[in-house]
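Hi,

Here is the structure I promised to pass on.

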Amino acid sequence: MTSHAWSQFSQRSVPLRIALYSHDTMGLGHKRRNLLIAQTLAQSLPQASILLISGMEEGHSTSLPPNIDYLSLPALHKDGEGQYQPRRLEMPLQALIAMRSQVIQAALKAFAPDLLIVDNVPRGAVRELNPTLEYLRSQGQTRMVLGLRDVLDEPRIVQREWQRASNEEAIARYYDAVWVYGDPAVFDLTQEYRFSRTVANKICYVGYFDQRQRLQYLASPETVINDLGLPGGKLALCLVGGGQDGAALAQHFAQATFPPDTNGVILTGPFMSASDRQLLQTYAAPHPRLRIVEYLEEPTQLLQQADSVVSMGGYNTTCELLSFGKRSLIVPRVKPRLEQWIRAKRLQDLGWIDVLHPDHLSPTALTNWLAHQPTTPATSRSPIDLNGLNRLPEFVMAVLTQSALPASAYCAS
């Protein structure tokens, strides 16, 4: 990316405008990923205005740059069968979707972005983006990009769901590019899902995001460990994402036996039920080396200090484990999607993590893993591309100027 290319936008009378949409129905991953993208772009182009449209109020950052702002939509969530439902409002799903859709369209009409980055769902939750995509395409002023995580689900499910949602048609009609936030050496999404040539020609791999960069955006880093009053020793950390379905893992971790001189910390996430959090506190009460932390805006503050990590397998959490190179055991979610299981198994094969199927989860299994001393050196791991954040400005400029990406970019076509 040349400085001349950036200057085309930095010298305009109207600053560059970038909008990011995430539907946010389960956990904090989509929103946190979009926030990190926004922070990275704000640093590269400080004169830009960046609007985050999110389906989740939780997790707002208190340390945003002055050129980033949020628009929160009325919340959705997914039930155990993967079906969307209103999270808080007592109203029919279609009425809530209509409200969200109208808010999104009105906001983007007023904001008039040069670039819209849509996270994961080509038409938005329950097709709520359709009117906005149609409007923006008709105006011809907004470039549109679909951002996908590395793994969506098992191929037969993705093919069936994408056909039913007409996602490939949406990509062909509305999107200028598809960015995959991953490394094809781990999972080649284009090959695995057998996308049409039209869609495949728009796909480029950005790389995974190095999550250590999150720490630079903290206004005042918290001294989390010091505040917990733990005795000295090693730290075993349990992460369950947003906590909506992480109670079982947290409870088994709380009942595990830690190695000598090892402290345990469970980060429950904001969506774990009050009754499950109370049960964890009951387990922790007689345990001098166990603490429960309900929520941290930036969990990497704890992760960077951990010696070992037991966690669920969400995309963001997994990227954090890879970025910090921590000894990790992932107990992935296997319902309603196999996304976490597929990713975890691929990374296990590459030597980066250990995996435990949730059907085999028990305090004994966690006790044994925590006590085990690995014999395989970290240097034997297969390399993984973690340079996605460094490439993002180049990808943005390429789509805005309709120019070619650098030769180092891996594109499916």
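Where is the place of P336? P336 sits in the loop between β14 (327–330) and α14 (339–349); helices here are DSSP runs of H or I with at least four residues, strands are E runs of at least two, and both are numbered from the N terminus. The peptide bond joining K335 and P336 is cis, with omega about 0°.

Before the rest, some housekeeping. This is a predicted model, so local features need pLDDT of at least 70 and side-chain atom pairs count only at pLDDT 80 or more, while totals for chains, interfaces and linings use all residues. Residues are numbered from 1 along each chain as its sequence is written, and side-chain values use heavy atoms, with hydrogens and water left out.

In general, most residues other than glycine have a negative phi, and most peptide bonds are trans. R127 is in the loop between β6 and α4 (130–139) and is partly exposed, at 37% relative accessible area. Q402 is in the loop between α16 and β16 and counts as exposed at 59%. (Buried is under 20% relative accessible area, exposed is over 50%, and partly exposed is in between, with a 1.4 Å probe and protein chains only.)

Now the cysteines. Searching the whole structure turns up 1 disulfide, meaning a pair of cysteine sulfur atoms within 2.5 Å. C204 and C411 form that bond, S to S 1.8 Å. The pair links distant parts of the chain, 207 residues apart, with C204 in strand β9 (residues 203–205) and C411 in strand β16 (residues 410–411). The torsion about the S-S bond is about 100°, so the disulfide is right-handed. C204 is buried at 9%, whereas C411 is partly exposed at 26%. As for C238, its sulfur is too far for a bond, because the closest cysteine sulfur, in C319, is 19 Å away. The sulfur of C319 is 18 Å from its closest cysteine sulfur, in C204, which is again too far. C238 is buried at 0%, and C319 is buried at 1%.

Strands β6 (residues 115–119) and β7 (residues 143–149) run parallel and are joined by 5 bridges, one of which pairs I117 with V145.

Which helix residues make the contact between α2 and α13? G29, R32 and R33 of α2 meet Y315, N316 and E320 of α13, where contact means heavy atoms within 4.5 Å. The axes of α2 (residues 29–44) and α13 come within 8 Å and cross at roughly 55°; axes are lines fitted to C-alpha atoms, for helices over the stretch in contact, with angles from 0 to 180 degrees between N-to-C directions. The two helices are therefore oblique (under 35 degrees is roughly parallel, over 145 roughly antiparallel, 65 to 115 roughly perpendicular, the rest oblique).

Cheers

Terms used:
Two strands pair if DSSP finds at least two bridges between them.
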